[in-house]
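Hello,

Here is the structure you will be working with. My notes follow below it.

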Amino acid sequence: MPFKDSLEKLKNPLDDYRCIPKLHWSLFVEDRISEEFKELRGVQSAKRNLNKYNHRMSRKGYAQSRVELAKKLGVPIEMLDRAIMWLNAHSDKDGNFSSPEVVNTAKRIETLKKQESEGSLTTVGSTDVLTLALKKPEHPGRVRGVGGFVRPNVVFDLPIKRKRGGGSQATRKSNESCNPNFEKVQTNSINVELSSVKKRLDLDAEKFVEYAIDPHEVPDPKQNEETTMDLDEVTDFAPKAANYITLIRWKIVVIAKVIDVGGESSIQLLHGVPLGENNVRVSVIRAIEGDALISIPVRDEILTVDDAVGSCVAWPNDLVVTHGAKAVTATTETKEGKTVNTVFQADLFGHPKKEYICKADVYAIAHKKEVSNCALFFYMSYLNKVLKQNKVEDMMRFIDSNKVNAIGNGTPTARSRDLSVMYKNGKPGQIYLIPYNTGQHWTLTIVNLELETARYMDPLKRRLDGCEWPAIVTDSIKMYKGLLKKQPGKKKASPWKPLLGAPIQKDDVSCGYYVMRYMKEIVEDNNIDLDKKWGTRAGLTYTAEEIDEIRGEWAEHVLQFSNQ
């Protein structure tokens with residue numbers, strides 16, 4: 001602080017700080033000249049002086065410096081190891097080092113790398129050239145020379161620790177792959193399951209296998225986060241409003257939503273720095289490749305995709321693939337085999353919608369696993385076909401759940417507005433069936449605009465205290481009716497009512513099938529009275545045969561698309 005020896009000059013805020021009230025300024029000066037602060041400052045200065053290796057990267061960080069150095073040298077980024085990056089971080093623009101300690105370490109790195117290239121030195125795991133040159137082992141929770149928030153197992157080829165009770169999943173998979181009989185046993189097990197599915201659903205098992213399961217690679221939808229995913233696989237759970245963010249060679253690494261705040265991107269600020277002329281602001285929703293480095297890190301705080309989840313970051317515009325881009329168009333071959341794709345016409349949701357069924361979806365239906373958005377869309381298209389056959393398609397309309405689900409669709413007010421627009425695109429007198437996913441659970445809402453009612457069916461019968469969904473639906477009806485502003489007259493009762501007599505699921509994965517069954521019964525009974533049928537508690541549940549009927553209808557309907 002200036003003028004410590006002339007306190008009279010510090011009675012009032014200095015010219016650069018006139019915005020600070022005089023009382024606050026006096027307290028600040030009093031604190032800074034106190035003995036306690038002087039002692040604290042001395043301790044922190046002493047700690048700072050112990051740092052022998054001062055980096056010269058300013059706010060750029062290791063991740064961005066690595067990209068720039070690879071471009072400058074014209075070499076693949078993989079060739080820039082920790083030792084090279086450490087030297088680059090501690091040198092100035094001319095390649096000079098600022099202290100004798102850094103000079104000595106640089107000489108040791110040069111010698112060790114020469115020995116390594118000649119074969120006289122072998123490095124293993126974290127004991128590499130940089131660790132040997134610094135003469136200090138790596139800290140178990142961080143890694144030098146790569147930036148913050150990077151785990152050691154990402155950088156080093158470390159052995160997998162075996163957990164109690166049989167070891168880790170990766171270890172078990174390794175042991176299974178070493179067993180010559182494992183593949184044969186696995187194939188036999190799958191064939192037994194397929195035979196059971198054929199009997200229950202009365203389908204052509206060979207045709208089902210063609211589009212469902214590869215005996216050498218059985219996908220499990222719950223393991224999607226642990227495997228590399230391509231464009232078609234991501235569409236199983238990505239919100240329609242989100243954009244697909246890619247990094248290298250069109251490999252999906254994250255699902256995010258582009259945020260347009262208006263104005264030129266070159267003058268916008270994000271985290272206190274310019275957004276950049278060719279960059280866009282994205283809100284990261286879900287990581288696919290969590291360890292992937294993001295192109296534009298935020299200081300040393302956000303370097304990887306995992307770090308960016310829940311935050312807004314800058315992303316190069318040419319590395320953003322939107323849902324409607326040609327690059328997302330499904331091909332006939334993916335890593336898991338064939339896909340089924342189609343474009344639903346506007347009579348289903350009020351707007352055209354392109355969707356895909358991957359092998360993981362078919363596997364999930366065949367084995368009673370969790371139902372994805374895409375699988376539900378195809379069953380709604382089947383029910384829409386039933387409405388057309390009965391010539392009552394003007395009575396009901398389905399709502400695109402990707403527009404209203406809890407993840408990736410904006411504020412509650414925005415979702416209410418989207419719902420009201422969908423109502424306006426419908427026909428007078430239609431009833432709207434709205435599958436809603438809270439993130440881990442499917443429910444069904446039925447909206448009747450003529451009666452201004454909303455009926456809610458939850459297979460788990462959970463209380464909705466504090467949940468935003470009832471308010472979203474109620475406000476959407478008000479917006480549609482033009483009643484969002486207060487009108488004189490009698491106050492109307494809330495349109496929201498749970499149907500307590502709806503059948504209850506008995507396990508933790510059947511909610512999607514129950515919602516499909518709810519919609520089937522509503523569609524097939526044109527004069528259904530929801531309050532009369534399901535308004536009071538009855539302890540009902542669906543039988544296995546009733547759920548299998550749903551699965552069989554779904555499979556037969558999907559096979560029709562596969563033949564197109």
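Lys 391 sits in the loop between α15 and β12 (396-398). Helices here are DSSP runs of H or I with at least four residues, strands are runs of E with at least two, and both are numbered from the N terminus. Lys 391 has a phi near 60°, a positive value in a residue other than glycine. Lys 391 is exposed, at 73% relative accessibility. The cut-offs are under 20% relative accessible area for buried, over 50% for exposed, and partly exposed in between, with a 1.4 Å probe and protein chains only.

This is a predicted model, in which local features need pLDDT of at least 70 and side-chain atom pairs count only at pLDDT 80 or more, while totals for chains, interfaces and linings use all residues. Residues are numbered from 1 along each chain as its sequence is written, and side-chain values use heavy atoms, with hydrogens and water left out.

**Overall**

The protein has 20 helices and 16 strands. Of its 564 residues, 42% are buried. Take the contacts with a separation of 6 or more: residues 24 or more positions apart account for 62% of them. Contact means heavy atoms within 4.5 Å.

**The loop between β14 and β15**

A positive phi turns up here too. Glu 452 lies in the loop between β14 and β15, and its phi is near 55°, again in a residue other than glycine. Glu 450 is in the loop between β14 (442-448) and β15 (453-457). Glu 450 is exposed, with a relative accessible area of 54%.

**Helix pairs**

Start with α15 (residues 373-389) and α18 (residues 511-524). They pack at an angle of about 10°, and their axes are 10 Å apart. Axes are lines fitted to C-alpha atoms, for helices over the stretch in contact, and angles run from 0 to 180 degrees between N-to-C directions. The two helices α15 and α18 are therefore roughly parallel. The cut-offs are under 35 degrees for roughly parallel, over 145 for roughly antiparallel and 65 to 115 for roughly perpendicular, with the rest oblique. From α15, the contact takes Leu 376, Tyr 379, Met 380, Leu 383, Val 386 and Leu 387. From α18 come Gly 512, Met 516, Met 519, Lys 520 and Val 523. By class, the contact of α15 with α18 has nine nonpolar residues, one polar and one charged. Ala, Val, Leu, Ile, Met, Phe, Trp, Tyr, Cys and Pro count as nonpolar; Asp, Glu, Lys and Arg count as charged; the others, Gly among them, count as polar.

Next, α4 (residues 82-89) and α5 (residues 100-118). Their axes come within 11 Å and cross at roughly 155°. That makes α4 and α5 roughly antiparallel. On the α4 side, Ala 83, Ile 84, Trp 86 and Leu 87 make the contact. On the α5 side, Val 102, Thr 105, Ala 106, Ile 109 and Lys 113 do. The contact of α4 with α5 divides into seven nonpolar residues, one polar and one charged.

Helix α4 also meets α3 (residues 61-73). The axes of α3 and α4 come within 11 Å and cross at roughly 100°. So α3 and α4 are roughly perpendicular. Tyr 62, Ser 65, Arg 66 and Leu 69 in α3 meet Ile 84, Met 85, Trp 86, Asn 88 and Ala 89 in α4. The contact of α3 with α4 counts six nonpolar, two polar and one charged.

**Cysteines**

How many disulfides does the structure hold? Zero, where a disulfide is a pair of cysteine sulfur atoms within 2.5 Å. Cys 374 is buried at 1% relative accessible area. Cys 511 is buried too, at 8%.

Val 320 is in strand β9 (residues 320-321). Val 320 is buried, with a relative accessible area of 14%. Val 320 and Val 282 are 38 residues apart along the chain, and their C-alpha atoms are separated by 9.5 Å.

Gly 276 is in the loop between β4 (273-274) and β5 (279-287). At 19% relative accessibility, Gly 276 counts as buried.

Best wishes
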